[in-house]
Amino acid sequence: MGAQAEKWVLMVTARTPTNIAVIKYWGKRDEKLILPINDSISVTLDPNHLCTTTTVSVSPSFVEDRMWLNGKEISLQGGRFQSCLREIRARANDVEDEKKGIKINKEDWQKLHLHIASYNNFPTAAGLASSAAGLACLVFSLAKLMNLKEDNSQLSAIARQGSGSACRSLYGGFVKWIMGKEENGSDSLAVQLADEKHWDELVIIIAVVSARQKETSSTSGMRDTVETSALIQHRAKEVVPKRIIEMENAIQNRDFASFARLACTDSNQFHAVCLDTYPPIFYMNDTSHRIISCVEKWNRAEETPQVAYTFDAGPNAVMITRDRKTAALLLQRLLYNFPPQPDTDLDSYVIGDKSILKDAGIKDMKDVETLVGPPETKGNIVGEKSKGDVSYFICTRPGGGPVVLSDETQALLDPLTGLPN
Ligand code: DP6
């Protein structure tokens, strides 16, 4: 290690996106290695609107591994964190920073301690895949700090051991998690099907239906499903393999009609196997069902799908539209059917890419109040219209993969102490 040891702090900051599965992962064949029972496919979301930023640092002055999430210290003792740390340390290499006079030998990584600070720019555990972005960012930033030679696909196999869906956040665009066959999980990793530019007309609108902590975690929910549902076997063996091929083709050919049909039916089947679990798991709520009804009515009226919807382990709806024009029309429909509570300002009710609001001709709350019902509902609202069922909407798009942030002002740890800023 460097001569003036004890003093120095070396750090790396990275930003990693979250992802939304359009063919779902649900069910493991190995709980410890996190090996799934089927392949899955996801769209990476634009990190400008939904991402995790993580700073990892190392110093001879640190006495233990410590981690802070959104400013609060959390335990790193969990088996999944430990698996990721162990796998990364085992692949660490020599690191030299000549400017700072630091030299870390490969073997030193086993003794050196880490400080890690992570920040999500969206609600943690609200069903918006915060663990996916978080674990992917942890693995990616540590890999950079410790000078790993592995590519993102190989890193995805480490992130997978933190949280299954995290492995798909190692890439931007459209990503497939190949379930693999090996017992040791070496071939269970993520690959990029196409980058975000391949299909850049797509616009994504997320309805955050509830920002509360979810009730049944994905981990225990899928364990119960595998143990008790008969449908899950049919899904994993018969349905998903065919859908994966069809979805890959739909993405390749930018075939929105097939993409939407596959995404919607796969989300519906995932929630059906949750219902087939005993005791049953309900992730969607009444508002989620009304959103589906709103989208289905419109898609049917247009004869060809305008919008795909998908729901993870929570009530939030992720809607993917074919282009900006459709996104503006969808936003009008959503604001008409799901208006905010009184005194909410539009600026906090629709966040992310606000240019979609402009395209929809909505400048302020007055414009929301005067919206007329869409033709497919003949002016009727979808179910009971009650204000505040949706907390807010996020407008976004498919986005890029992890990046290192070289601007030190974005670091979450102090460069001198290695403690949170
Ligand atoms: C419904 O990746 O959160 O979002 O592997 O146990 O950490 P663990 O589960 P997690 O499950 C995600 C399930 C899902 C579908 C998906 O993202 O494919």
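A polar contact is a pair of N or O atoms within 3.5 Å; within protein, one atom must be able to donate a hydrogen and the other to accept it, and residues adjacent in sequence count only if both atoms are side-chain atoms. The model on display is predicted: local features need pLDDT of at least 70, side-chain atom pairs count only at pLDDT 80 or more, and totals for chains, interfaces and linings use all residues. Residues are numbered from 1 along each chain as its sequence is written, and side-chain values use heavy atoms, with hydrogens and water left out.

**First stop: the ligand**

Select S165 together with the ligand: a polar side-chain atom of S165 lies 2.7 Å from an oxygen atom of the ligand. Taken alone, the ligand exposes 460 Å², and the protein buries 94% of that; accessible areas come from the Shrake-Rupley method with a 1.4 Å probe, and for residues only the protein chains shown count as cover.

**Second stop: helix α3**

Move to residues 152-159, which form helix α3. Helices (H or I, at least four residues) and strands (E, at least two) are DSSP runs, numbered from the N terminus. Seven of the eight residues of α3 are buried, where buried means under 20% relative accessible area, exposed over 50%, and partly exposed in between (1.4 Å probe, protein chains only). Among the buried residues are N152, L155 and I158. To see what covers them, display α1 (79-90), α2 (130-145) and β13 (190-194), which are included in that cover. At the start of α3, select D151: one of its side-chain oxygens reaches to within 3.2 Å of the backbone nitrogen of S153.

Select N120 in strand β11 (residues 113-120). N120 counts as buried, at 7% relative accessibility. The side chains of N120 and T52 are joined by a polar contact of 2.7 Å. Leaving aside residues up to four places away in sequence, N120 touches C51, T52, L69, N70 and S130, a contact being heavy atoms within 4.5 Å.

Continue to E238 in helix α5 (residues 231-252). E238 is partly exposed, with a relative accessible area of 41%. Draw a distance from its C-alpha atom to that of G101: the separation is 58 Å, for residues 137 apart along the chain.

**Last stop: the whole chain**

Zoom out to the protein chain, whose secondary structure comes to 11 helices and 19 strands. Its C-alpha atoms fill a box of roughly 75 × 50 × 40 Å, taken along the principal axes. Of the 421 residues, 56% count as buried. Among contacts between residues at least 6 apart in sequence, 76% join residues at least 24 apart.
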